[in-house]
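Hello,

I am handing over the structure we spoke about, with some notes on what turned up in it. Please look through it before reading on.

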Amino acid sequence: MTIQQVEDGVGLSGAMTAEDLENAQQQGFQALICNRRPSESPEHDEQALARKAQSLGLSWTCIPVATGEYSDADVAAFHEALETLPRPLLIFCRSGRRSIHLWALARIRHDVEPPETVLERMRALGHDPETLRPLLEPAGGSPEPE
């Protein structure tokens, strides 16, 4: 399990196993946000992971999304979780892409950080910020000049 620090008190990881949850707890993480969908792969058992997290005393939140399909409700739920869950917390999905996208959208749409600062942090962590840029455009594209 490789963990990248996204911001103070927030780590990012790819797919997690029950053993990874134990390692996360030993590293001091107090909460997890899972962005995997329940049946996206045979090795991912969200209910088993949630039970394991609970047995370790970790807060568990699941906001399941598909890559590139982030509703306003998904982003708002992620923002709320970032603001209320105990820290340090660990966000994860299969590769980390959905989690870093939700983190970035939550930080930008809720005016926590300027878009370019967030996109630069993504780049520094090795995630392509350009894949997220279209999701930052206003609905319907740019306004027509008058």
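**Helices α3 and α4**

In this predicted model, helix α3 (residues 72-84) and helix α4 (residues 97-109) have axes that come within 9 Å and cross at roughly 85°. An angle of 65 to 115 degrees counts as roughly perpendicular, so α3 and α4 are roughly perpendicular to each other. On the α3 side, the residues that meet α4 are Asp72, Asp74, Val75, Phe78, His79, Leu82 and Glu83. Their partners in α4 are Ser99, Leu102, Trp103, Leu105, Ala106, Arg107 and Arg109.

**Cysteines**

The count of disulfides comes to zero. Cys62 is in no disulfide; the nearest cysteine sulfur, in Cys34, is 4.1 Å away. Cys62 counts as partly exposed, at 26% relative accessibility.

Cys93 is buried, with a relative accessible area of 0%. The closest cysteine sulfur to that of Cys93 is again in Cys34, and the 8.3 Å between them is too far for a bond.

**Asp20**

Asp20 lies in helix α1, which covers residues 18-26. The residue is buried, yet Asp20 has no salt bridge. Where is the nearest side chain of opposite charge? That side chain belongs to Arg36, 8.9 Å away, while a salt bridge requires the atoms to be within 4 Å. Leaving aside neighbours within four places in sequence, Asp20 is in contact with Met1 and Ala15.

Regards

Terms used. Residues are numbered from 1 along each chain as its sequence is written. This is a predicted model: local features need pLDDT of at least 70, side-chain atom pairs count only at pLDDT 80 or more; totals for chains, interfaces and linings use all residues. Side-chain values use heavy atoms; hydrogens and water are left out. Helices (H or I, at least four residues) and strands (E, at least two) are DSSP runs, numbered from the N terminus. Buried means under 20% relative accessible area, exposed over 50%, partly exposed in between (1.4 Å probe, protein chains only). Lys and Arg count as positive and Asp and Glu as negative; His and the chain ends are not counted. Contact means heavy atoms within 4.5 Å. A disulfide is a pair of cysteine sulfur atoms within 2.5 Å. Axes are lines fitted to C-alpha atoms, for helices over the stretch in contact, and angles run from 0 to 180 degrees between N-to-C directions. Angles under 35 degrees count as roughly parallel, over 145 as roughly antiparallel, 65 to 115 as roughly perpendicular and the rest as oblique.
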